[in-house]
Amino acid sequence: MSPKQCPTADYKLMPSLEQVERALRLRRSIRRFKETGPEKKVVERLIGLAGYAPSGHNLQSIRWQVFANRAELDRLVGMVCDWIGKMLEENPDSPQAPLFRKIVKAWSEEMDLVLHRAPVLVLTHSRIRTGTEATDAAIALAYLDFASLSFGLGCCWAGLFKMGVESWEPLRQFLNLPHGHQLHGAMMVGYPKYEFKRVPLRNYPEVKWR
Ligand SMILES: Cc1cc2nc3c(=O)[nH]c(=O)nc-3n(C[C@H](O)[C@H](O)[C@H](O)COP(=O)(O)O)c2cc1C
């Protein structure tokens with residue numbers, strides 16, 4: 001690309017440390033969403049912002065799939081619950097069994113503990129070429145999560161859904177990712193129904209200086 005195509009880097013526009021810290025601490029997992037989700041153009045903008053994430057060799061190979069249709073989202077949850085039901089049959093005493101039973105029972109009562117009735121689910125996927133793709137995708141989703149705050153949106157990582165995709169063929173077939181592509185991550189997105197009143201404390205991580 002030619003320098004003329006690229007906007008000037010204006011470091012004066014950087015948010016202050018206080019702003020960054022406040023925003024980082026305000027980011028929380030959202031599990032209660034308003035029914036109406038973000039418009040398509042907002043999700044597209046978010047995905048565009050996530051595209052500023054670094055990627056191995058700058059390959060920018062992460063691709064996205066967006067579910068924004070209630071019937072399809074419910075179908076995904078139903079399939080995750082089918083997978084969980086099968087696991088419970090095969091391994092009723094596993095350490096996760098109590099949680100899994102709760103999830104399946106909730107779904108039978110139309111309560112969604114898998115995708116929390118998020119109005120939008122974004123998925124990242126790609127072919128594996130260099131081995132950095134899963135990391136690239138995680139960074140991109142973390143950017144999207146953080147950027148969503150500026151739209152009044154909130155996110156929640158859909159780790160359980162990802163496990164379902166990895167283990168349950170019908171779900172993989174339903175996603176219909178391009179041949180050779182692997183799902184890297186999934187994120188629920190929507191407008192939070194409630195506001196948190198406090199920010200929780202975090203443990204300072206263990207660090208070894210050498
Ligand atoms: C890789 C990953 C997978 C996750 N999967 C789920 C999930 O399937 N369902 C869920 O409700 N939360 C999920 N979470 C959210 C975590 O529970 C949450 O980030 C953690 O409890 C800290 O809370 P906070 O995000 O509100 O700060 C996941 C988080 C990560 C990073």
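**View 1. Helix 3 packs against helix 4 in this predicted model.** Helix 3 covers residues 70–90 and helix 4 covers residues 97–108. Their axes lie 10 Å apart, at an angle of about 140 degrees. Axes are lines fitted to C-alpha atoms, for helices over the stretch in contact, and angles run from 0 to 180 degrees between N-to-C directions. That angle makes helix 3 oblique to helix 4. Angles under 35 degrees count as roughly parallel, over 145 as roughly antiparallel, 65 to 115 as roughly perpendicular, and the rest as oblique. The crossing of the two helices is left-handed (the near helix is turned anticlockwise from the far one by less than a right angle; clockwise would be right-handed). Helices (H or I, at least four residues) and strands (E, at least two) are DSSP runs, numbered from the N terminus. Residues are numbered from 1 along each chain as its sequence is written. In this predicted model, local features need pLDDT of at least 70, side-chain atom pairs count only at pLDDT 80 or more, and totals for chains, interfaces and linings use all residues.

**View 2. Residues at the contact of helix 3 with helix 4.** Helix 3 supplies V77, C81, I84, G85, M87 and L88. Helix 4 meets them with A97, F100, R101, I103, V104 and W107. Contact requires C-beta atoms, placed from the backbone, within 7 Å. The contact residues divide into 10 nonpolar, 1 polar and 1 charged. Ala, Val, Leu, Ile, Met, Phe, Trp, Tyr, Cys and Pro count as nonpolar, Asp, Glu, Lys and Arg as charged, and the others, Gly among them, as polar.

**View 3. The shell around the ligand.** Strand 3 (154–157) and helix 6 (159–167) each supply at least two shell residues. By class, the shell holds 4 nonpolar, 2 polar and 2 charged residues.

**View 4. E35 in its loop.** E35 sits between helix 1 (17–26) and helix 2 (40–50). Is E35 buried or exposed? E35 is exposed, because 10 other C-beta atoms lie within 10 Å. The cut-offs are 20 or more for buried, 12 or fewer for exposed, and partly exposed in between, with C-beta atoms placed from the backbone. P170 is 135 residues away along the chain, and its C-alpha atom is 27 Å from that of E35.

Key:
Near = placed C-beta within 6 Å. Contact = placed C-beta atoms within 7 Å.
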